[in-house]
Amino acid sequence: MAENRRPESMERITSPELAKAFIDEQLAALRRQIGDKKVLLALSGGVDSSVVAALLIKAVGKQLTCVHVNHGLLRKGEPEQVIEVFRNQMDANLVYVDAADRFLDKLAGVAEPEKKRKIIGAEFIRVFEEEARKLEGIEFLAQGTIYPDILESGPVKAHHNVGGLPEDMKFELVEPLKFLFKDEVRVVGTALGLPEGMVYRQPFPGPGLGVRCLGAITRDRLEAVRESDAILREEFAKNGLAGKVWQYFTVVPDFKSTGVKNELRSYDWPVIIRAVNTRDAMTATVEDVPFALLQHITRRITSEVAGVNRVLYDLTPKPTGTIEWE
Ligand code: XMP
């Protein structure tokens, strides 16, 4: 698999100048590979697929079609940001598919975490396939595969891969980032003019908020996850923690507890906050978030998020906990 090994002569991309050289080289290579043909990209809005999209827009413009599937498990504001950046600012061909109802219907009543993941993955491929079939003359499929994906799993990692498409839909792959490490992808993304919030965003799992709305997903609890996550992100950004903490999010379990709200007894869900640091996600330590900030976030979540009466902070490192709760 020599074509899957990073060339030894390749310099680590650490500066805007090196990023520019990489971009120029890739633009030429992409134009050579794609010619006047059409290319398709599943654009999640994550760092890797966003950088691939920005490169391809520069290289082949409207020959690229991006498909952004909203599976209903994205964070607050994410689909809007993808549309704003890629359709409005970069003038890309962007197909936006609001498939939230489809996914949530399929997931209804399913409590087992791996089953939830399988359903989300399979439905994603189905939606993407349907969109691909509507488009004529596509010959290439672009993917945001990066070097760790190749190193870790031989072939590309499942969540970067719209593999699983049917036999009659085999496209030639376009993987311009396949020899880059994450920090290099970020330097390239910045050089391409992508917003900082997109380039430096924290990792977000493919199944999205679906694995943070524990057990069988319900729409009301999913909203509680989304709204509490938005408050947490806003407060971390305001308090200088957003770029510092590796991953931070909220979880809503599928049980309730008694409380008091507006002098009335309530029976509502708790929100669990998780904020961790790690190098490789194999082990993780808990961020020492200032107590006053946790209290402030608690006040905001319990007063602004419907159906929530308690906030808990997860103090568990990995091991024994995993980073996600499911
Ligand atoms: P855990 O929970 O295993 O998470 O400690 C380690 C890292 O992997 C992310 N993660 C996922 N990413 N699909 C993904 O794309 C998944 O199903 C998935 N599950 C966990 C998690 O967010 C953390 O960064």
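How far from an oxygen atom of the ligand does a backbone N or O atom of G206 lie?

Analyst: Keep in mind that this is a predicted model. The distance for G206 is 3.0 Å, from a backbone N or O atom to an oxygen atom of the ligand. I323 uses its backbone instead, with a polar atom 2.7 Å from an oxygen atom of the ligand. On its own, the ligand has 500 Å² of accessible area, and the protein covers 76% of that.

Now widen the view to the shell.

The peptide bond from K318 to P319 is cis, with omega near -10 degrees. The bond that joins P319 and T320 is cis too, with omega of about 20 degrees. P319 sits in the segment after β10, and T320 also has its place there. T316 belongs to that segment as well, after β10 at 308-313. Is T316 buried, partly exposed or exposed? T316 has a relative accessible area of 28%, so it counts as partly exposed. T316 is 30 residues from V286 in sequence, yet the C-alpha atoms of the two are 6.7 Å apart in space.

Next, the strands. Start with β2, residues 64-70: seven of its seven residues are buried. In a regular strand, side chains alternate between the two faces of the sheet. In β2, L64, C66, H68 and N70 point one way, while T65, V67 and V69 point the other way. Both sets are buried.

Strand β1, residues 38-42, pairs with β2 in the parallel sense over four bridges. There, A42 stands opposite V67. β1 also pairs with β4, again parallel and over four bridges. In that pairing, L40 stands opposite L141. Why is β4 described as largely enclosed by the rest of the structure? Four of the five residues of β4 (138-142) are buried, so the strand is largely enclosed. β4 pairs in turn with β5, residues 172-174, in the parallel sense over three bridges. Here the bridge partner of F140 is E172. Follow the pairings and you go from β2 to β1, from β1 to β4, and from β4 to β5.

C66 counts as buried because its relative accessibility is 0%. C213 is buried as well, because its relative accessible area is also 0%. A disulfide is a covalent bond between the sulfur atoms of two cysteines. With a cut-off of 2.5 Å between the sulfur atoms, the count of disulfides comes to zero.

D91 has a positive phi of about 60 degrees, although it is not a glycine. Its loop runs between α3 (78-89) and β3 (93-98). N262 is not a glycine either, and its phi is positive at about 50 degrees. N262 lies in the loop between β7 (257-261) and β8 (264-277). At 72% relative accessibility, N262 is over the 50% cut-off, so it counts as exposed.

Conventions:
Residues are numbered from 1 along each chain as its sequence is written. This is a predicted model: local features need pLDDT of at least 70, side-chain atom pairs count only at pLDDT 80 or more; totals for chains, interfaces and linings use all residues. Side-chain values use heavy atoms; hydrogens and water are left out. A polar contact is a pair of N or O atoms within 3.5 Å; within protein, one must be able to donate a hydrogen and the other to accept it, and residues adjacent in sequence count only if both atoms are side-chain atoms. Accessible areas come from the Shrake-Rupley method with a 1.4 Å probe; for residues, only the protein chains shown count as cover. Buried means under 20% relative accessible area, exposed over 50%, partly exposed in between (1.4 Å probe, protein chains only). Helices (H or I, at least four residues) and strands (E, at least two) are DSSP runs, numbered from the N terminus. Two strands pair if DSSP finds at least two bridges between them.
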